[in-house]
Amino acid sequence: MHSIYYKIIKLSKWALLLSPFGLFLILCVDNYILMEAEGQTFENTQQIPYNKVGLLLGTSKYLKDGSTNPYYRYRIEATVSLYKAQKIDFVLVSGDNGRTNYNEPLTFKNDLIKLGIPKDKIVLDYAGFSTLDSVIRAQKIFGLTAFTLISQKFHNDRAIFLANKNGINAIGYNAKTIFGKKALKTNMREYLARSKAFLDVIFKTKPKYLGSQISIR
């Protein structure tokens, strides 16, 4: 009985989202977040201001077919470019380490070291289970009131929105992104992710984990 009830609730939510009114709300939220982040992301290292720390938002290195995730590869390249241009001194890698055989932060660290970033300039946050967790933990755990987000523009826009609404002075450095059919699923999912971010701000959602403070120096 309970399983049937939850299935009905789930179907009702999807019906609302896919209704004309639901789609209208999603588009309104999407535009609002884009306006909130306008002018706060950068495409090249010459124009972007300096911040002590670059917050690298995690993703998986490999796709389901075993090939390298291009979003991962481009975030790595963007981070190295930003560091070598002396626009950041430290990299805070925030990602998912919720399973024993899956460690986004450490995977990023190993590849960043191979490309010339010293290991003592890389700090890992193993509890970045969501964009909200990564942004808020950078403030609450690592004591940052300003930082440079490193991800694709669509992701940076959402992260900047979350940062702004939590009193953080954040800018974004946009990694190269993906276009065409390969990006369709990610782009569609982003609409829902932005709606969730909007609700997270309204309901003051907290990160899954906090903990003791860690100084970056």
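The largest pocket holds about 1,200 Å³ of space. A pocket here is an open set of points on a 1 Å grid over the protein atoms alone, where a 1.4 Å probe fits, with protein on both sides within 12 Å along at least five of seven lines. The volume is the space filled by probe spheres set on those points, which are joined across faces, edges and corners. This is a predicted model, so local features need pLDDT of at least 70 and side-chain atom pairs count only at pLDDT 80 or more, while totals for chains, interfaces and linings use all residues. Numbering starts from 1 along each chain as its sequence is written, and side-chain values use heavy atoms, with hydrogens and water left out.

Who sits around the pocket? Its lining has 38 residues, and T59, N69, Y71, T186 and R189 are the closest to the centre; a lining residue has an atom within 4 Å of a point. Two or more residues each come from α3 (70-84), α5, α6 and α7 (181-202), with helices taken as DSSP runs of H or I, at least four residues, numbered from the N terminus. The largest share, nine residues, is α7's. By class, the lining splits into 12 nonpolar, 13 polar and 13 charged. Nonpolar means Ala, Val, Leu, Ile, Met, Phe, Trp, Tyr, Cys and Pro, charged means Asp, Glu, Lys and Arg, and the others, Gly among them, are polar.

Now for how some of these helices pack. Axes are lines fitted to C-alpha atoms over the stretch in contact, and angles run from 0 to 180 degrees between N-to-C directions.

| Helix pair | Angle | Axes |
|---|---|---|
| α5 (131-140) and α6 (153-165) | roughly 50° | within 10 Å |
| α3 and α4 (104-114) | about 50° | 10 Å apart |
| α6 and α7 | about 0° | 10 Å apart |

Start with α5 and α6, which are therefore oblique to each other; angles under 35 degrees count as roughly parallel, over 145 as roughly antiparallel, 65 to 115 as roughly perpendicular and the rest as oblique. Their crossing is right-handed, meaning the near helix is turned clockwise from the far one by less than a right angle. T131, L132 and V135 of α5 meet H155, R158, A159, L162 and A163 of α6, where contact means heavy atoms within 4.5 Å. That set has five nonpolar, two polar and one charged.

The α3 and α4 crossing is right-handed too. Y72, R75, I76, T79 and V80 of α3 touch T107, F108, D111 and L112 of α4.

α6 and α7 are roughly parallel to each other. From α6 come F154, D157, R158, F161, L162 and K165, and from α7 T186, E190, A193, R194, A197, F198 and V201. Seven of these residues are nonpolar, one polar and five charged.
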